[in-house]
Every structure is written in C-alpha cells, then in structure tokens.
Amino acid sequence: MHPPLSLSLSVSMSSSSSSCSASSCQPRGTTSRSPPPPLQPAAEPLLLRSFSKALAKRRAIQLTRATPVPVPGLVDFSSNDYLGLARSPEVAQEFHSRLLAAGAAENGDGSSLVGATGSRLLSGNSTQALELEAYLTDYHSAPSALLFNSGWDANLSLLSTLPQQNGAIIYDAAVHASIHDGIKLGRAKRAVSFRHNDVAHLREVLDSLLLPTASSATPQCETAVVAVSSFYSMDGDVAPLREITRLLADPRYGSPRRAVLVVDEAHSTATMGPHGRGLVAALGLENEVFARLHTFGKGLGAHGAVVLGPKMLRDYLVNYARPLIYSTMMPPHSLVAIRAAYEVLYSQAGVLQARLGALVKVFREAMGVLPHPARLLQSENMIQGIVLPGNANVVALATLIQSRGFDVKPIRSPTVPLGTERVRVCLHAHNTTEEVVAFASAARWALAELARRSSSGNQHEQQQQRQHALSPLTDGGAMQARL
Ligand SMILES: Cc1ncc(COP(=O)(O)O)c(C=O)c1O
C-alpha cells in the first residue's frame, strides 16, 4: 500500500527542512519569505536580435503565430474533438472509474499513475501499456500495435526509419508536417512527392524509381515506402486508397512487394469506419496497408497515437525509432484515458458519425452559394471551409465570425496554397442544428460586412486619388510617402 497522503507529505517536509535554511524553504503560499536579492540585468544575447528579425519578417507578412487561450463561451467550430468525446460525460465517468481501479491495482508494486518514470525501453513499460496494445490490435484487426506519445512522434518514427538507404519515400504533396520532418530525418535514397490524390502521377513516380529505364537496366531504388493520409484535414477530402493499394499490388513492382503503403489516419480515427476504426477498415483494406497510424488526440478526444502493422515492424521500431527510444513513455493515466475513450467509441461511434453527417448537410444547405470571390470548400464531411483569397481577408473574416460568438480559425498561406486561404470550419457531433444554422448566418453577414468595408475603402481611395490629381503639391507628398 502507498502511505497515506498526509504521512508522505510530513515525511518529505521534515526531511527537506533538515537541508534547507528557513529563508530558502518556506512552504508555498506563506508570506514571510524575504524576496531574493535583485538580479543584475543580463546582457541581451546576440541571438535575440536574430529572433527579433525573424519575427518581424513573420509580422510583415501577417504570419505571426501565437498560443491564445480559447475564449470561453464561444461555440466550438474549431477543435479536433469531432465526436465530442473530449467533453463526453460517459468518457469522463469511464475514465474516473478505470483510474480508481487502476490506482487500486497498482498499489503495492510502487508504480505510479502520474508518470511512467522512463522510456518504454527502461522503466516506462507496464502491463497496462501491453494490455492497451493488445486491445488496439484486436479493435483494429492488426497483427501488432505500438503506442507513441503523439501522432507527431509516430510519424517521425515511421518516416525516419522505414525508407532504406537504397530505397525511396514517395508521399502525397498534402501530407502532414510530421511526415515531412520524418522524411528529413530519414536516409532514403530518393524522396519524391506526387500530386495530391493523383494516382496516375503516383504510378509515374513509382515507375521512374522502381523500374529499369531506357538508359539503365538497374532501377534507381530497390524498395519504396508510399505515405498518404486517409483524410486531409485542410481540404476535407479522402485518399483514393482502393486505387493506391491496387497500384502497389501491381506485379510490375515485383514479388515480394517492393512498394508498401503507410496510412496516417489522424483525422479518420473515430470519425470513419465501423466503430470508428478508420478509413482503411471502412474499405476493408487492412491487409493491403503495411502500417496504419491512429492518433488519439482528435476524434478520440484524448492524446497519443498507435502504429499498427506486422509484428516485425513493431520490433524494428522498438530498436530504431528514436522518438520512442529516447523519450519518457506516456503516463499511465493517459493509457486509462485512451481505453476509456475507446470503450465509449465502440458503443457510440455509429450514432455520433450519423449525427455529424446530418450536420454537414445542414451546414452546406444553410451556407448556400457564397458571393464571389468567397466559396465553400468542396467537402462532404466534417471539415468545411470558407475560402477567401488573401491572408488579411481570412483573418478579418474569422475575427468577424468570432465576434458573433463562434470559435473558428483562419488558415493562411503557406499552410494552404496561395489564393486558397480559408476560414476552417470543423463540425462536431456536439454542435446543435441551431448552432450550425446560426453560424451560417453569421458567416454570410461577415462576408457582406467585409464586402461593404472593401467597397467603402475603394470609394475613399478613389476620392483621394481625384484630390491628388488636382494638386501637384499633394501628389508630390504622396510620391514621397510611397518612397
Ligand atoms: C494528419 C496528421 N498527422 C499527424 C498529426 C500529429 O498528431 P498529434 O497531434 O497526435 O501529434 C496531425 C496533427 O495535427 C495531423 O493532422
């Protein structure tokens, strides 16, 4: 048994008091502590000047990033909690009761629910982690499962280790930043992108890398790893997985297969497939995909990720995946949260997915056709968007919509291609029909308001230009201002 809380506190207090002076070890919250002597201001490191320049560049193109605290009270049209599981009372209840049970079971062996205490390869492993992996193996019909601290870590691990020195990595142009960064860390002989969702282009790239050419009887690469997302969260479109798997099975690429597929199911986890098993499962392609990545931080409302694939892939990642080897394992309470979310997902996925689908229809109908140059993204699922070219324009549009009580975020270029800047609208199973309809009317009002401001701005400009044309002196002044 763990000692009671009061006992462990008094032990640590008394042991610490022996090594601290009264002034340096006052308990928190007391007022008698004398303030430390003032520090001499340190000379500003030169590096900060470079930072300042870099940040000024970002400001100049309206691309500064920040970490704003979500404004309370806004209706959620922005989070990745697509099914509302992060706020689900059922998940919270399941989590609490499982946490209590886990706490009771862990008592006696000295293990903690708070932290894993080390890398998975040292002290961080546990029967709980192995049990969760067995559960996920079963849930997703996979040969093996390996947990990661995040989807980012999992992609970094996969992409930095799978492509071999004599092999290629071929990736959809729209994959996530974590795939790009994993590729940079890897040692593939060739890294080539193919046009987004363009299977014909993928075939061209595969042919050029895996087949002999007119000038060389030896192909450039022995093997290829193809990386795609199942569902692209900026455009709301899905990958043509059937066509891609059919292509990779083409005997021209050899037997045993020289090209394998890795699918990032970050945004299709929970939101697609029976019991939220993802798009690969929805299409029955589990045996055609070499590795699947499911993340728990989006549709499951928790945190962390799992890689599913052959048992030897698991062994290989345990030996070579540096984000796994050199990082503390996720804490036991996260394992409990993931399991709790999955339990609720199993029973509620169908209802929640259907509800989300209905809200998509309501949204698209309520938005209707938008006034040029704005347009609605061509998406049939929970990721929707109002495209309005120009970073400043989408920021202004999002700000106006927020002012009406809705939480939405602008997505600027270069995160999305220039000219397709947008306000991203994430629909959730926890949004009500009334909220969606009210959102659409706020969005239409905001677009009209922007158009009004822009035309009155133009009139003002034209008026100024007319005045300048009448006065050579003011024209000279304007010239100077421009210079
Ligand atoms: C497609 C995709 N893959 C991977 C990740 C990373 O997942 P995580 O947030 O669990 O690190 C994200 C996160 O935004 C993502 O959108």
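Figure 1. The model shown here and in the following views is a predicted one. Helix 10 spans residues 311-320, and its buried residues are Leu313, Arg314 and Leu317. These residues lie on the same side of helix 10, because they cover an arc of only 100° around the axis. An α-helix has 3.6 residues a turn, so residues three or four places apart point the same way. The face of helix 10 turned away from the buried side carries Lys311, Met312, Asp315 and Asn319, which are exposed.

**Figure 2. Burial of helix 5.** For the protein as a whole, buried residues make up 37% of the 483 residues.

**Figure 3. Packing of helix 5 against helix 6.** Two packed helices are described by the angle between their axes and the distance between the axes. For helix 5 (residues 151-161) and helix 6 (residues 177-185), the angle is about 35° and the axes are 7 Å apart. The crossing in which helix 5 passes helix 6 is right-handed. Helix 5 contributes Gly151, Trp152, Asn155, Leu156, Leu158, Leu159 and Ser160 to the contact, and helix 6 contributes Ser178, Ile179, Asp181, Gly182, Ile183 and Leu185. By class, the residues of this contact comprise seven nonpolar, five polar and one charged.

**Figure 4. Shell of residues around the ligand.** The ligand has 14 residues around it, of which Ser150, Gly151, Trp152, His176 and Ala266 come nearest. Helix 5 gives the most to this shell, with three residues. The shell divides into ten polar residues, three nonpolar and one charged.

Figure 5. Serine 255 and proline 256 are joined by a cis peptide bond with omega of about 0°. Proline 256 is placed in the loop between helix 8 (241-248) and strand 8 (259-264). A cis peptide bond also joins histidine 372 and proline 373, where omega is about 10°. The loop that holds proline 373 runs between helix 12 (332-367) and strand 11.

**Figure 6. Leucine 376 and its contacts.** Leucine 376 is found in strand 11, which consists of residues 375-376. Leucine 376 counts as partly exposed because 18 other C-beta atoms lie within 10 Å. Apart from neighbours within four places in sequence, leucine 376 is in contact with Arg364, Met367, Leu370 and Ile386. Isoleucine 386 is ten residues from leucine 376 in sequence, and their C-alpha atoms are 4.8 Å apart in space.

Figure 7. Serine 141, a residue other than glycine, has a positive phi near 45°. Serine 141 is located in the loop between helix 4 (127-139) and strand 2. With 13 C-beta neighbours inside 10 Å, serine 141 is partly exposed. Phi of asparagine 197, likewise a residue other than glycine, is positive and near 60°. The loop containing asparagine 197 lies between strand 4 (190-194) and helix 7 (199-210). Asparagine 197 has 20 C-beta neighbours inside 10 Å and therefore counts as buried.

**Figure 8. Tyrosine 326 and the overall fold.** Tyrosine 326 belongs to the loop between helix 11 and helix 12. Tyrosine 326 is exposed, as 9 other C-beta atoms lie within 10 Å. Leucine 122 is 204 residues from tyrosine 326 in sequence, while the C-alpha to C-alpha distance between the two is 9.9 Å. The protein contains 15 helices and 15 strands. Of the contacts between residues at least 6 apart in sequence, 69% join residues at least 24 apart.

Conventions: Residues numbered from 1 in each chain as written. Predicted model: local features only at pLDDT ≥ 70, side-chain atom pairs only at ≥ 80, totals over all residues. Axes fitted to C-alpha atoms, helices over the stretch in contact; angles between N-to-C directions. Helix = DSSP H or I, 4+ residues; strand = E, 2+ residues; numbered from the N terminus. Left-handed = near helix turned anticlockwise from the far one by under 90°. Contact = placed C-beta atoms within 7 Å. Nonpolar A, V, L, I, M, F, W, Y, C, P; charged D, E, K, R; others polar. Near = placed C-beta within 6 Å. Buried ≥ 20, exposed ≤ 12 C-beta atoms within 10 Å, placed from the backbone. Arc of directions from axis to C-beta.
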